[in-house]
Amino acid sequence: MKRTVIGIHSAREALKINPDSVVEIWLRSDFKKVQDLNFFAVWAEKNRIKVHSREETALNKIAPSHQGVAVFMKDSPTFDLEELDADDQEKVIIMALDEITDPHNVGAILRSAWLMGVKALLVPEHRAGHLTPSVIKVASGGAEHVPMIVVKNLVQDLKYLKDKGFWIFGLAGEGRATLLKTRVHEKIVWVVGSEEKGIRSSVRGVCDELVQIPQTSSEASFNASVASSIALYETVRQHSLLQS
């Protein structure tokens, strides 16, 4: 199995968007008494998908936040970066997460990316959060819409996108430019680093600009998911002005 989707909202979105990818469903043993869980049993019967009744302990081994459901999928949304050569790709937003490992941050970023129309999310192969059940659950459906691309060398992929006409902007508290005064280009990659270390120096070297988000205190900072949401909103806002 390619991935496991847990959580009622994430599982419902998986059935809605990628029904052909569903292999089997696990439900907590009392699912017939819980309307939200029985929904999956009814759906599975209509679509001839196997349903297995499981004790809480079995589901907990997948992730404690399962909410009584686990949907096993045979594949994940995919995206080919070479598709970005297409002439109709005028406004494109991509996100790159540089060594962000916390599943709550990765999942929250994935959800915001979905709602803000991000085409793909790039993450390094090592020292990064991937599509774990916990990440998918926090994303609340975002994992069905935004492909997460695991790359061996983030620097090389950013350089590739740069050659394709993308501007690479890194979110950094010490950035010279501020978000409110930064012109967002039609093809853009937002790079977000971990809260502890920020963006690695090798990745910074690829960025066209380091951008900071204005804040009232220098002693604290936005967490990665909040900073990502703010940057994405400003990007969509500026993109919408180009259309008007």
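Helices α1 and α2 are roughly parallel to each other (an angle under 35 degrees; over 145 is roughly antiparallel, 65 to 115 roughly perpendicular and the rest oblique). The model is predicted: local features need pLDDT of at least 70 and side-chain atom pairs count only at pLDDT 80 or more, while totals for chains, interfaces and linings use all residues. Residues are numbered from 1 along each chain as its sequence is written, and side-chain values use heavy atoms, with hydrogens and water left out.

**Packing of α1 and α2**

- The axes of α1 (residues 8-17) and α2 (residues 35-46) come within 11 Å and cross at roughly 20°; axes are lines fitted to C-alpha atoms, for helices over the stretch in contact, with angles from 0 to 180 degrees between N-to-C directions.
- The crossing of α1 past α2 is left-handed (the near helix is turned anticlockwise from the far one by less than a right angle; clockwise is right-handed).
- On the α1 side the contact (heavy atoms within 4.5 Å) is made by I8, A11, R12 and L15, and on the α2 side by D36, L37, F39, F40 and W43.
- By class, this contact of α1 with α2 has seven nonpolar, no polar and two charged residues (nonpolar: Ala, Val, Leu, Ile, Met, Phe, Trp, Tyr, Cys and Pro; charged: Asp, Glu, Lys and Arg; polar: the others, Gly among them).

**Burial of α1**

- I8, S10, A11, E13, A14 and L15 are the buried residues of α1 (under 20% relative accessible area; exposed is over 50%, partly exposed in between, with a 1.4 Å probe and protein chains only).
- Their cover includes β1 (3-6), β2 (22-28), α2, β4 (69-73), α4 and α5 (133-139).
- I8 has a relative accessible area of 14%, and beyond its neighbours within four places in sequence it is in contact with D36, L37, F40, Q67 and V69.

**N105 in α4**

- N105 lies in α4 (residues 103-115) and is buried at a relative accessible area of 9%.

**Whole protein**

- There are eight helices and eleven strands, taken as DSSP runs (helices H or I, at least four residues; strands E, at least two) numbered from the N terminus.
- Buried residues make up 49% of the 244 residues.
- Among contacts between residues at least 6 apart in sequence, 80% join residues at least 24 apart.
- Along the principal axes, the C-alpha atoms fill a box of roughly 55 × 45 × 35 Å.
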